[in-house]
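Here's a quick tour of a protein model, written for someone just starting out. Have a look at the structure first, then we'll go through strands, rings and charges.

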Amino acid sequence: MSAPPRILIVGAGPSGLICALTILKSGGQVRIVEKTTEPRLGQRGAGIMPRSLELFDRLGIADEILNQAVVLPPMRKYELQKTDALHEFELSPRTDPTPAFPYLNPVLLGQNKTEQTIHKALAKYSCEVDRGVELLSLRQFDDAVEVKLARRTLGANDGETIETAQYDWVIGADGARSAVRKGASFTFYGESRLEEQLVVGDIHMTGVSEKYWHLWGDAKNVMITLRPTETPNLFNFGIAGLNVDHTHLSSDENALKKFLLDHIASETEIKLGDIAWLSLFTPNIRMVESPQQGRVFLVGGERYNISQANLLTPCEDAGHVHSPTGGQGMNSGLQDAFNLGWKLALVQRNLAPPSLLQTYSEERIPVIREMLNQTTRILERTFTDQGDAWSRTGGLLQLGINCRWSSIVLDEHKEGDAIEGTTIDPYGDCSIGIRAGDRAPDATGVYDARSKLAQRLHSFFGPPHHTVLVFSPPHHCSTTLKQSLEEYPVGAVRTVMIIKPASSSLARPEGLDQDAELVLEDREGHAHVGYGISGDRCIVVVRPDGIIGAIVRGSEGLQKYFSKIFVRA
């Protein structure tokens, strides 16, 4: 019989589910509670950025996500009540993958289907969401968090059962009205924008092309968007504008349907069906001062209520897709969850010191602050009808997001400690060279030296282990390096040796070749180029979340990095 979970996650949206899956894959135990009794409906946070696809790849669900998702359609803009497009443009022009970047194009998938996919992955660990359970209160102690939960039953025996329990750690993933955030007294600064409200939802309809994302009018007057989804004849809609009665439309489905027909081209053969989901959204620009209060953490939209005027999603969700705010919300929340999950699992297993958890706030707060700045600027451009508000390229793909300033990253190829003198640029530029704290590049054209089978470097990254990439080390460091790697917990560190096919015998130092978990031949040179390997750069440590934790020269640097991660036996 397995030990009872010591970590409680409150909320079963994408952030909470991904956090749970990361913890489970890292060897931890977790319980998830959700106050709603049924899964959420609707597209909501449908936009999935390339960085999130890489995250899904680490967790083994990327293929299933991509099999269901659709590509971002081109957008057509019209005058109100007209059918002739004023112009057509790509929100994110299609880009072919490269050896270092396997995913370069955003995709769309309803949040309900994304959640279903994660549920399937959780089931493999015998983890199911405990629905109909609401957090009433929590109280922190030095060594635990006491929670009071209410289990509500519906039907002939409607009622409520109160449960009091203790957990080592509590994670709030329960939305913009987070009971965890309120119960733990997190500060929550920001503003609401009532003048920029939106009516959002999903509607079944025919008579509108499913090849395009349609946009009528502008937000200074009336703006309507219709986006086809992965479900035939189901469109995600958004209604915005200064001359819109948002409250009335969000509370009267007949009035909403009439509004759509009156403002879209009247001469078309549009037929409206059922509204699958409908919500009124008020943009908010808020975030907590820190996502950690003692033994309580917040992830995703539970710690920052984003100005997500995306014409797609209500503010209660962490996810917001290809919208005027750039589709950053859900994707940022997923990265929060992954960052916290692997660290918390190590602490729970007594492999890492609790101080490791402080780096969650240190690494993520600058990223979220910059994300809020970017999404707010795009929101403002949208409501002033500036065309570039719809661009979904560059930094918005999130491939440059980094934590170079983190106190636990180590880069021996930068003078001094990595954090000293580092300019904080959270969204970064992934085209100007690799540093510790950056996203770890992929590499194709690498072959298992033993089986001779082709591999992708990214396939060796992910929880529960750090991956130590040893690039053709000189012979003199092999013995001490081998001894250093043996000091770390079993299963927590994976060693991958990368050699050049025509290397001299120095490229296969005695001992490491046999003891490395894997030896890869970099036949096309993509790994060496991608990681900027020079004569003295022989070791790169990749964290479970796909971030480069360290770039070091030998065993001494390796020991220095891992001294901040693991507890010595």
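Let's begin with a facing pair: Glu-146 stands opposite Gln-166 in strand S11. Before going further, note that this is a predicted model, where local features need pLDDT of at least 70, side-chain atom pairs count only at pLDDT 80 or more, and totals for chains, interfaces and linings use all residues. Residues are numbered from 1 along each chain as its sequence is written, and side-chain values use heavy atoms, with hydrogens and water left out.

**Strands side by side**

- Strands (E, at least two residues) and helices (H or I, at least four) are DSSP runs, numbered from the N terminus.
- Two strands pair if DSSP finds at least two bridges between them.
- S10 (residues 145-153) pairs with S11 (residues 159-167) in the antiparallel sense, over 9 bridges.
- S10 also has S9 (residues 133-140) as an antiparallel partner, and 7 bridges join these two.
- S9 and S10 make a hairpin, with 4 residues between them.
- Across that pairing, Ser-137 stands opposite Lys-148 in S10.
- A handy rule: in a regular strand the side chains alternate between the two faces of the sheet.

**Rings that meet**

- Rings of Phe, Tyr and Trp (its six-membered ring) pair if their centres lie within 6.5 Å; planes under 30 degrees apart count as stacked, over 60 as edge-to-face and the rest as tilted.
- Searching the whole structure turns up 8 aromatic pairs.
- One of them joins Phe-471 and Tyr-531, which are tilted, at 5.8 Å centre to centre with 40° between the planes.
- Phe-471 sits in strand S26 (residues 466-471) and Tyr-531 in the loop between helix H12 (526-530) and strand S29 (539-542), so this pair ties together parts that are 60 residues apart in sequence.
- Phe-471 counts as buried, at 2% relative accessibility (buried means under 20% relative accessible area, exposed over 50%, partly exposed in between, with a 1.4 Å probe and protein chains only).
- Tyr-531 is buried too, at 1%.
- The ring centres of Phe-562 and Phe-566 are 5.3 Å apart and their planes are at 20°, so that pair is stacked.
- Phe-562 is buried at 1% relative accessibility, and Phe-566 is buried at 6%.
- Ring pairs also link Tyr-488, Tyr-561, Phe-562 and Phe-566 into a cluster.

**Charges over rings**

- A charge sits over a ring if NZ of Lys or CZ of Arg is within 6 Å of the ring centre and within 35 degrees of the ring normal.
- Arg-295 lies over the face of Trp-169, 4.5 Å from the ring centre.
- Arg-227 lies over the face of Trp-213, at 5.8 Å from the ring centre.
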